[in-house]
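I opened the model to look up a few helices and residues. My notes follow.

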Amino acid sequence: MSGKAPIGAWSQYLSRGIGVGLAVLVAQWVSLALWDHSLDSQIICLPGAMLLALLLCASYRYWLAYDIGWLGGMLLMALMMGLPGKGIAIVSVAVLLLVNVTAWLLSRLRKGQSVDNFFQLLVFLAIAAVALPTATGVLVFWLSDVVELPSWLSRAWWHVALANSLGYVLLTPAILSLVHPSSSARRAALPGWDVVLITAGALFVLWLGWRELGAFTLIRPLMLLAPVPLAIFVAMRAQVVGTCAVNLVVGLIAIQLSLAHEGPFVQMESELTTISVQLWMLGVAVASLYLSVLVEQRRATQHALLVSSTEVRELAGRLIVAQEQERARIARDLHDDINQRLAVASIRLSALRRKVSENDKQDVSQLQSELIALSEDVRHLSHDLHPSMLTQTGLTAALAGLCQNMRHRSGPVIELRVSPQAKDLPEDVALCLYRVTQEALGNALRHAEAKRVEVALQIEHHQVDLTIADNGKGFVAEGEGRRGLGLMSIDERTKLLNGSYRLQSTLGKGTELCIRIPLEIHESV
């Protein structure tokens with residue numbers, strides 16, 4: 001081992017560093033766009049927020065590349081703007097150290113990168129939106145007495161703290177939510193054009209309302225609450241990322257109107273106007289973040305339930321397949337082994353009957369009759385476990401045989417109507433329909449004590465409908481959680497084929513079970 005990093009690693013570090021440098025230039029440009037030129041005061045500062053988000057999303061081995069790229073971008077921006085190079089370099093290094101310490105602390109305190117629950121968001125806000133901006137403001141204020149800094153960095157410490165706090169609240173959570181693999185922003189599809197158009201229209205109405213009505217003192221409180229419906233809508237449809245983006249645009253509208261001495265934030269003094277806008281943006285951003293986190297938790301819960309339901313459905317499918325395979329094996333053993341041995345025993349009893357005395361022949365004949373009846377029961381049991389007729393002669397003959405056996409055993413009137421197209425059904429659909437009919441007939445005869453049952457199988461419009469109605473005593477449905485194993489089996493078998501079932505039952509008036517299975521999916525497979 002030479003101890004040197006491979007060429008690919010160095011190129012990756014270089015590309016990450018250059019990317020961060022370019023991103024810092026864009027972030028600083030946006031910060032300059034939101035600028036109070038009359039007071040030469042920054043309203044929002046985004047470079048530190050971008051660095052914090054990138055550090056929290058990356059492995060420790062990339063932190064140095066990000067730091068160098070970020071510092072290079074800050075110095076390049078200072079050079080382009082003609083700012084004091086030494087002072088900007090010292091402040092940038094100091095902020096860089098504070099952001100790295102904060103990123104390390106947050107990575108230790110939080111289990112993941114995201115801010116998808118209330119406690120994680122509270123920890124993030126306490127450290128990144130309060131402690132870090134305060135420390136930055138105090139440090140910059142102290143450095144302003146030591147080195148030459150621009151006028152907007154030489155103001156009171158809380159000016160710098162508010163600007164940085166807004167950046168950490170508006171930008172960092174959006175990047176974390178966008179990058180984190182478990183966030184709903186990564187799983188869900190992008191918002192549709194309807195969401196974009198509604199949001200754009202709402203922003204235009206908000207800008208127009210603030211500009212035209214913001215000067216009226218009586219409705220100023222109402223104007224301040226005007227973005228709330230939009231914030232709720234965006235949080236529901238676009239979660240944290242959309243919330244942060246819309247909050248940034250709303251803040252831009254508020255800042256530009258206030259700088260033009262329009263809107264509900266205008267105060268007697270320009271400095272108070274800037275502070276009021278900053279405090280309002282900070283409050284709205286924090287409230288919107290908590291709302292979006294609530295939506296994020298709801299989406300995460302829904303996704304977990306969906307994944308769990310899918311896994312349970314797949315498990316149920318495998319269990320049903322395994323059950324059918326085991327039934328087929330037991331049916332073969334009963335038919336090929338047990339039943340054959342019973343037949344051999346019956347033949348031997350016939351031979352024995354000719355050898356015994358006349359007094360014992362009656363007993364041997366009775367035993368042989370019971371053995372033949374047992375063999376017939378085993379044959380019926382084998383057929384119930386695995387209907388070989390279904391694969392040999394088709395669904396129509398299998399259903400006819402099932403109804404005939406039920407009539408022979410229990411004596412009810414069973415009317416069967418099957419569509420001629422039933423012979424063309426796929427094997428899995430045919431097996432499902434047979435098992436559902438078998439279960440429903442068994443329930444009608446054993447539990448409902450029905451005297452008449454109607455079984456109708458219709459195929460039309462790329463779907464198959466199976467209806468089983470009886471005139472039994474019926475029952476009162478007790479809810480989804482109280483269904484028997486038979487109904488649960490019918491439900492699972494139907495859902496595995498993307499079908500549905502409906503059960504109607506009334507005391508004293510019988511029961512009707514309807515199964516519907518689409519055929520397009522199975523035909524295209």
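I started with a helix pair: α9 passes α11 in a right-handed crossing. A crossing is right-handed if the near helix is turned clockwise from the far one by less than a right angle, and left-handed if anticlockwise. Helices here are DSSP runs (H or I, at least four residues), strands likewise (E, at least two), numbered from the N terminus.

This is a predicted model, where local features need pLDDT of at least 70, side-chain atom pairs count only at pLDDT 80 or more, and totals for chains, interfaces and linings use all residues. Residues are numbered from 1 along each chain as its sequence is written, and side-chain values use heavy atoms, with hydrogens and water left out.

I looked up the packing next. Helix α9 (residues 193-213) and α11 lie at an angle of about 30°, and their axes are 11 Å apart. Axes are lines fitted to C-alpha atoms, for helices over the stretch in contact, and angles run from 0 to 180 degrees between N-to-C directions. I listed the contacts (heavy atoms within 4.5 Å). On the α9 side they include Leu203, Trp207 and Trp210, and on the α11 side Phe233, Val250 and Leu257. The residues of this contact divide into 16 nonpolar, one polar and three charged. Nonpolar covers Ala, Val, Leu, Ile, Met, Phe, Trp, Tyr, Cys and Pro; charged covers Asp, Glu, Lys and Arg; the others, Gly among them, are polar.

Where is the kink in α11 centred? I found it on Ala238, at about 135°. The bend at a residue is the angle between axes fitted to the seven residues ending there and the seven starting there. I then checked the span. Helix α11 (residues 228-259) covers only 23 Å between its end C-alpha atoms, while a straight helix of 32 residues would span 46 Å at 1.5 Å a residue. The expected span is 1.5 Å times one less than the number of residues. Just after α11, His261 has a positive phi of about 60°.

Is Thr136 buried or exposed? Thr136 counts as buried because its relative accessibility is 2%. Buried means under 20% relative accessible area, exposed over 50%, partly exposed in between (1.4 Å probe, protein chains only). Thr136 lies in helix α5 (residues 118-143). Leaving aside neighbours within four places in sequence, Thr136 touches Val95, Leu98, Val160 and Asn164.

Glu439 is partly exposed, at 26%. Its C-alpha atom is 8.4 Å from that of Leu487, 48 residues apart along the chain.
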